[in-house]
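Hi there,

Here is the structure I promised to pass on to you. Have a look at it first, and then read my notes below.

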Amino acid sequence: MRSFRLSLLPIVALVAAVLAPSPAEAQRVARQFQQYVAVDAPVVALTNAKVIDGTGAPAATGQTVLIRGDRIEAVGPNERVAVPADAEILDMTGHTVIPGLVGLHNHSYYTGGNGRAAQLSFSGSRLYLASGVTTIRTTGARAPYEELNLKNEIESGRAIGPSMFTTGPYLTGEQGSQTMARLDGPEEARRLVRYWAEEGASWFKAYTWISRDELGAAIDEAHENGVKVTAHLCSVGYREAVALGIDNLEHGLLANSEYYEGKRPDECPPGFRNGYGSLDVDGPEVQATFRDMIDNDVAMTSTLVVYEISVPGRPPIDERVYDILAPEIAAEVRQIAERIRGANLESGIGIPPDVYQKALEYEYAFVQAGGTLAAGVDPTGYGAAPPGYGDQKNFELLLEAGFTAVEVVQIMSANGAKVLGIDDEVGTVTAGKIADLVVIEGDIESIGHIQDTRYVFRHGIGWDAPKLIDSVRGLVGIR
Ligand SMILES: [Zn+2]
């Protein structure tokens, strides 16, 4: 609290850096990567579109979206939006326009197959953009400098990708993996946060084995430096983290150990979620979590897809996932997916279907209670939820959880923007905002998916989504 004035500055500077490329930069992007740019005119009119604007308002048909430079100039019924004579007009009959997605758990790296891991600065960033994800928060970095450099390259037109909010190294305890910062007390947490905040990381992610002392110190130091903390927890419960001042919580029910009877302070109980199938999401325990989060403005990030890929009995993984992976990785991922999907429920392989189902209920109940739910892909685990494609799958899984398409669009765009503090500039199809938009073939309310992206506008430049996807086919997982 005491450094409120001081911490305001870095946040303002950060938001400006993310959102304001100069027109000259935009032109440079267009020239260098012209083959992937479908629309690059000073004024563009998308006419006859169905628009789901991300505000929660019902879908509207027969709409025109007018883009001038990097901004949305107007949006409304065809007959009420005057299209200037010099506009490039795209007739979007049969298409849906939604805001660019804001992915809150969108790593710059990927893990998959039999123990493979790679930074996907080339393929991942293109795939995010081509899939409609125009802003990402990386939410746990294995290579923080690579993220900062990639962000710079995208902003200066030297690489193709979404706007990035980069993260510092994972903050965890001694059981963390080799790529994480294994903290040894609160002082180390403070030192690390200070360093990476100064280098340009805008968020930190605490992870499974962090202690309350370390988490509290990290949050405190982050806030003093104008940056924020989210967490994939286990040793600390959600209510404890909220009390320590956390800004966001990742993964919903399946990372919240506080309903496990044998939970001890600062310990991550293995298998804590196996009994969650019988949890009452309307009961006092769960509702107390929701109340704490809502009262303290702590959003929940849904990452259903990274769990769904590990649930026995679910339908096969979409073939399109295997099509974009490097062939040798695709083969490994397919083998693992088929083993899990076909596993006997008694075998203990994967996530029990009733626990997964409860995770859906938990997120739905959180929103009913008044909570802010955002979403992200988390392209980790055995690798069947790649960047972008996994975000798109979340759209379908959130529909399964009971949300309407209009609600899901809001969760995946406006709510993410709100968590990042950029909702004045992006997240909805609204006049005056940055022109980050996705044009999808078909009526997404009736087809129930957002896979067929045609154009993805970022800062007013309309990328040719199929061409971008073709440019990374067979590379995803290796570069
Ligand atoms: Zn993650």
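Which residues are buried in α3? Please keep in mind that this is a predicted model. The buried residues of α3 are Ser123, Gly124, Ser125, Arg126, Leu127, Tyr128, Leu129 and Ala130. That makes eight of the eight residues of this helix (residues 123-130), so α3 is largely enclosed by the rest of the structure. Just after α3 you will find Gly132, which takes a positive phi of about 100°.

Now to the domains. According to the domain assignment, domain 1 covers 31-99 + 430-470, and domain 2 covers 101-420. Their centres, taken over C-alpha atoms, are separated by 29 Å. Where the two touch, domain 1 brings 26 residues to the contact and domain 2 brings 23 residues. On the domain 1 side, the elements giving two or more residues are β6 (95-99), α16 (444-447), β20 (453-458) and α17 (465-470). The residues on that side are 15 nonpolar, eight polar and three charged.

Next, the nonpolar core. The largest one has 145 residues, and the members that touch the most other members are Val65, Val97, Leu171, Phe204 and Ala218. Helix α12 (residues 353-368) gives the most to this core, namely eight residues. Both domain 1 and domain 2 give residues to this core, so the core lies between them.

Enjoy exploring!

Best wishes

How values were computed
Residues numbered from 1 in each chain as written. Predicted model: local features only at pLDDT ≥ 70, side-chain atom pairs only at ≥ 80, totals over all residues. Domains from an automatic or database assignment. Contact = placed C-beta atoms within 7 Å. Helix = DSSP H or I, 4+ residues; strand = E, 2+ residues; numbered from the N terminus. Nonpolar A, V, L, I, M, F, W, Y, C, P; charged D, E, K, R; others polar. Core = buried A, V, L, I, M, F, W, Y, C linked by C-beta atoms within 7 Å. Buried ≥ 20, exposed ≤ 12 C-beta atoms within 10 Å, placed from the backbone.
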